[in-house]
Each structure stands twice: as structure tokens, then as C-alpha cells.
Amino acid sequence: MITLTHNKTLTGSSEWEALEGHWQQIQPQHMRELFDSNPDRFEQMSMASCGIMLDYSKNRITSETMDLLFGLARAAGLPDWIGRMFSGEPINTTEGRAVLHTALRNRSNRPVSVAGEDVMPEVNQVLEQMGDFVQQLHSGEWKGYTGKRITDVVNIGIGGSNLGPLMVCEALGHYRIPDIQVHFVSNVDATHLVETTKQLDPETTLFIVASKTFTTQETLTNAHAARRWCLNSLQDDNAIASHFVAVSTNAKAVAEFGIDTNNMFVFWDWVGGRYSLWSAIGLPIAVAVGMECFHELLAGAHAMDVHFRNAELEQNMPVILALLGVWYANFAGAATYAVLPYDQYLRLLPDYLQQADMESNGKRVTRDGAVVDYTTGPVVWGAAGTDGQHAFYQLIHQGTQMIPADFIVPVHSHNELGDQHAKLLANCLAQTEAMMRGKSSEEAESELKASGMESDQIAALLPHKIFPGNNPTNTLLVDKLTPGRLGSLIALYEHRIFVQGIIWNLNSFDQWGVELGKQLANVILPELQGELPIGKHDCSTAGLLKYYLSLRAGKG
């Protein structure tokens, strides 16, 4: 067994070197040949858990590939790391924190300790508080300052305090409760808040301000602007307590804003922002679909947690997905990875996973601070369904880059209009088959001849009609996009990210890379506002500042 304490240990290990050599054997092979030589390939390379069926047979792999990848995972100590995460050890080493988003959805209610203290009583207490609040809103018991019922809730947050709840609310659109509309504001660009509030009534609108520290610049800027919007109509500072609640840990700042701290929903430093939708950060989800659906979402994630924690690596869905990603990123040279949901409700899933993956594993040093000499964190992107087919699939089919892709599609739709769902599924399955098979020169030429085309025309057109194929895909069939299945799907990808971080010897739970831009923005802001002269910057930044200021002063 190797211990991944330094990047050279990883790339110099026998497991890594074996995989490098194996890619040289696999690289010339076409998946057509792999399928032709093994009629049982689908049965051997598919599995199901938590209502999700994974087919990973359309990958450039053999059983030997998977054995070598599982060997790499064991050499990295993956089973031990899984246990350490679930047991509450502080595996977020740069911040000295446990990583326990799994405790937030621990429906078994088994004790989970952090520093010797069981966190489950506090978790359950916040869930109960959320339930009481949601019940008051839905029943009309919670009223605005003028006695009117709340009809609109606006979540103000950014990053994990926005994208997770936004994605889930969109994904569970079928389950939305019609009496209350939920909106999201994240961008510090005032346009986002202004356009959101244009059609709202301050007397019937409630804001959720989501900021752990209650100091996040973008969130607090929007929150204070929303506060002014309310007071312009309601004309009384006391109205704020009826129209604002907070998800935070900073009671002092919350109270100073005018929010009753009884209406502050807490979460903990062992909850990372991009893993926080399961916490009180998910309050807008509970408002949108009801607390029962929120509990089902948690239960679905917990089911995947149980699978991930207990299944052998060879039958562990998150592990398999993660190792395939490592295979392509580190040995096949794939720089990007596409998530392609064939379900309109899941249209924001690629955006959500982009943040979850790239913020987690977009790192250049190991847990011990050594600079890596291997690829980490591929670029994650994608779009929903047939829209993507008519946008960027051309590059996947006939471009020069290998782009591994996950196709996600439900067996049953919430909206069965005629044969539309069958057409959607047909497109999904056809794309994965086309990406695997491609179209050979002989096949293309035969088609052109059958169309009656002259030989000189065929010769000119033939190169454009060839599809190399051999593009790797995974297909995930979900029985139906319920709250529980969505919870399982999100948890599946969370654990996929964690496994890759372990293989790459990264801390997947900090995000220091976002800090530098924030620090520099705090320097530039007073210069833009004329409070300080332009300081020492590179000539580009200084030139842009001067040009901006001249235009603002009407001199441009």
C-alpha cells in the first residue's frame, strides 16, 4: 500500500505507473471492438442503487482497467477516508474542521460526534425550527407588518447559499406549493434585485438572508438594498422583523440589521457552503415544496450515504464514477467533463455540479502543501437535454477533444404529453450510442451511394460524414425525479467529488482560491468611489480605473 503524502509518491507509485501503461494498451482500441468481443459487457458494467441505474459500459475500459483503478483507490486509503469523514474527524485540515454534511441528512439519527459531542440533537432542533416556520408561512399565520399574508419569499445569498437551493427548487418544480412563490437574488449587480422585486409587493414579501458570518459583501449589499426597498413602502424600522429572517451564526449582526434572532436559523462550521443545501440554507427549498418533501430529499441523500459507506468499492456507484473521471483526466488527457441531464427540471444541475466540483478539487497543492504534477479538477459544464444537442454536441462528435459525459434521464416523467418523453429518451440513448459507435468511412460511403450521389460528390463530402466515435459516456437512469431520488443523485455526485479528492491527495473542503479577488476588490472599491486616490496597481488595472472614472465624471 502507498500513502499519498506527496504528489511524487502518487505519480511514482506502481498503481499509477500500471495505469499509465494500461492506457497505452487501451488507447488504440475502439469501443465497438470491446462490445463485439463481450456480449455480456452491459451486465458486467452496470449497477443500480437508490432508484438510480448506472450503465458505465460505454467507456474506454476493460475489467482490467477497473481492477487497476480499484487498486489505486485502495492504495490511497479510500475506505479509511470514507470512515474518517462519516465519523466526524477534522479532515478539512487547512481549517481544522470536520466535514459532516452527511449528518444533516442522517435519517437514522445515529450519533455523530464532533469533538466528543453528538451533533444530531442540534441538527434535529434546526429541522424542527424550519418546520415550524414553513408551517406558519403556508398556513398564513406568519403575516407581514400590515397584516397581509406572505405571497413571495426572496432568498438572498451567493455561492452555496444560492446555487444549491436554487437548483433544487427548479428540480422539484413539480412539487412546488402554489400559494408562495420563491425567488433568488445572488448577483451584486443591482439589476438582479431590481428585476426580482419589480413585480413584488413589500407588504407581502419576506426575505431570507443567507450568510454564515453575516458579512459576505455581495449578500449584505443586496440585503441592505432589500431593506431600503421595504422601508420605502412600510416606513417603519419595526417592519423589518416581519419581513426578514436570517440563516446565519452571527446573532449580533443579525439583530443589528433588525431581524429577530428567534428567526435566525443556524448551521455549523462543519457544513461547507457548497454542501449546505441540506442545512438551514435549504430553507427556501422547504418553503417552496413543503417540509415533507424536504425530509424526503434528506432521506434520499441518506440512502446514497449508506450505499457509499457500506458497499464494496467494486459495487460502489460514487466510487465507480469517480475512478472513471480519474482515468480520463489523468491518463487519457481529458480536460473537461460534461453533465447532460435529459430532464428540463434538472437544467441547473450542471451549474450546481460545476461549483461543487471545481471549487472542491480545483487545487494545485496536496493536503500537505506540495505542488502537484498531475491533473486535478477538470472543467465541468453541460446543459439540459436536446438543447445541448443543437448547441455543442457537434464538438463532442467530431471535434478534436475527448469529452467524457454523464447522461441523466428519468424513466417516468412528471409531464407525459403524447410521445414527447419517449422522444426525449430516444434522443438520450441515441446520443450515447452515437458517441460510442461513431460512423466509419465505409458506413458513410455506403449511405452516400445509397442516396444516389455521384462518386465525385461522395469523395468531396465523405470526410465530413465520418464520426470517429469512441467518446466515453455514462448513462444514469432515474426511475422518477422525486425529492428522494434527487437527494440520492446529488449525494452521488458529492461523494464522487470526495473520492477524486482522496485519489489526488487534496483537501476538497476549503476554497482559498476565492479569497484573493475579494481582497483586491476591497482595495479597489474605495478608489472607484473616490474615497482614495488610485493606488499601486499594474498598468492595465490602473488604466481601466482611470478610464472608468473619467467616463463616470462625464469626461470620456
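**Close-up 1. Salt bridges across the predicted model.** In this predicted model, a search of the whole structure finds 19 salt bridges. One of them joins the side chains of Glu203 and Lys148, with a distance of 3.5 Å from N to O. Glu203 belongs to the loop between helix H10 (190–197) and strand S7 (205–210), while Lys148 belongs to the loop between helix H8 (120–139) and strand S5 (152–156), so this pair ties together parts of the structure that are 55 residues apart in sequence. Lys148 is partly exposed, its relative accessible area being 38%.

Close-up 2. Arg437 and Glu443 form a salt bridge in which the closest N and O atoms are 3.7 Å apart. Arg437 has a relative accessibility of 32% and counts as partly exposed, and Glu443, at 29% relative accessibility, also counts as partly exposed.

**Close-up 3. The crossing of helices H21 and H22.** Helix H21 (residues 441–450) and helix H22 (residues 455–465) have axes that come within 9 Å and cross at roughly 130 degrees, and the two helices are therefore oblique to each other. Their crossing is right-handed. On the H21 side the contact is made by Ser441, Ala444, Glu445, Leu448 and Lys449, which meet Ile458, Leu461, Leu462 and Lys465 of H22. Sorted by class, the residues in this contact of H21 with H22 are five nonpolar, one polar and three charged. As a guide to reading such a view, an α-helix has 3.6 residues a turn, so residues three or four places apart point the same way.

**Close-up 4. The packing of helices H6 and H15.** Helix H6 (residues 78–86) packs with H15 at an angle of about 140 degrees, the axes being 9 Å apart, and H6 and H15 are therefore oblique to each other. Ile82, Met85 and Phe86 of H6 make the contact together with Asp305, Phe308 and Arg309 of H15. By class, this contact of H6 with H15 has four nonpolar and two charged residues, and no polar ones.

Close-up 5. The buried residues are Leu163, Gly164, Pro165, Met167, Val168, Cys169 and Ala171. What covers these buried residues of H9 includes strand S6 (181–185), helix H14 (283–289), helix H15 (291–310), H17 and helix H23 (483–503).

**Close-up 6. Gln355 and the residues around it.** Gln355 is placed in helix H17 (residues 349–361) and, at 15% relative accessibility, counts as buried. When residues up to four places away in sequence are not counted, Gln355 touches Gly159, Gly160, Leu163, Arg274 and Ser360. Although Gln355 and Gly159 are 196 residues apart along the chain, their C-alpha atoms are separated by 8.0 Å. Leu163, another residue that Gln355 touches, is one of the buried residues of H9, and H17 is among the elements that cover the buried residues of that helix.

Note on methods. Residues numbered from 1 in each chain as written. Predicted model: local features only at pLDDT ≥ 70, side-chain atom pairs only at ≥ 80, totals over all residues. Heavy atoms only, no water. Axes fitted to C-alpha atoms, helices over the stretch in contact; angles between N-to-C directions. Helix = DSSP H or I, 4+ residues; strand = E, 2+ residues; numbered from the N terminus. Parallel < 35°, antiparallel > 145°, perpendicular 65-115°, else oblique. Left-handed = near helix turned anticlockwise from the far one by under 90°. Contact = heavy atoms within 4.5 Å. Nonpolar A, V, L, I, M, F, W, Y, C, P; charged D, E, K, R; others polar. Salt bridge = Lys/Arg side-chain N within 4 Å of Asp/Glu carboxyl O. Buried < 20%, exposed > 50% of the residue type's maximum accessible area, 1.4 Å probe, protein only.
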